[in-house]
Amino acid sequence: QVQLVESGGGLVQPGGSLRLSCAASGSIGSINAMRWYRQAPGNEREVVARIFSGGSTNYADSVKARFIISRDNAKNTVYLQMNSLKPEDTAVYYCNADGRTWDRRSFISWGQGTQVTVSS
């Protein structure tokens, strides 16, 4: 079992910044990709950013040049630095990771979500 725990959400004014963290723990052998998704009320869950084991990244068009995804492989942690936040960024943000456990079974895990609210 691999567990993901997010932190760092909250209320911020438009134009402000927040940094989300997601730490993986448990029977981790290796982690391939780590991702951030978000889901706003009434909307489908959408991928915001991805980072792969080699460090390559990609972003949704709506957050390019504003959000930065990074990871600390030694800590099995992924971060999402969110800058120039807009009201439309308001959503529950979820962390996701896939890889293999120490006994070489594949896993896909989700965090419990953290609320981000952008409002004046």
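Trainee: Is Cys95 buried or exposed, and what is its relative accessible area?

Mentor: Cys95 is buried, because its relative accessible area is 0%; buried means under 20% relative accessible area, exposed over 50% and partly exposed in between, with a 1.4 Å probe and protein chains only. Please note that this is a predicted model, in which local features need pLDDT of at least 70 and side-chain atom pairs count only at pLDDT 80 or more, while totals for chains, interfaces and linings use all residues. Residues are numbered from 1 along each chain as its sequence is written, and side-chain values use heavy atoms, with hydrogens and water left out.

Cys22 also counts as buried, at 0% relative accessibility. Cys22 and Cys95 form a disulfide (a pair of cysteine sulfur atoms within 2.5 Å), and their sulfur atoms lie 2.1 Å apart. The pair links distant parts of the chain, since Cys22 belongs to strand β3 and Cys95 to strand β9, 73 residues apart. Strands are DSSP runs (E, at least two residues), numbered from the N terminus. The torsion about the S-S bond of Cys22 and Cys95 is about -80°, so the disulfide is left-handed. A search of the whole structure finds one disulfide.

Consider next the strand that holds Cys22. Strand β3 (residues 18–26) runs antiparallel to strand β1 (residues 2–7), joined by six bridges; two strands pair if DSSP finds at least two bridges between them. Within this pairing, Val5 has Ala23 of β3 as its bridge partner. β3 also pairs in the antiparallel sense with strand β8 (residues 77–82), over six bridges, and Leu20 stands opposite Leu80 in β8.

Key
Helix = DSSP H or I, 4+ residues; strand = E, 2+ residues; numbered from the N terminus.
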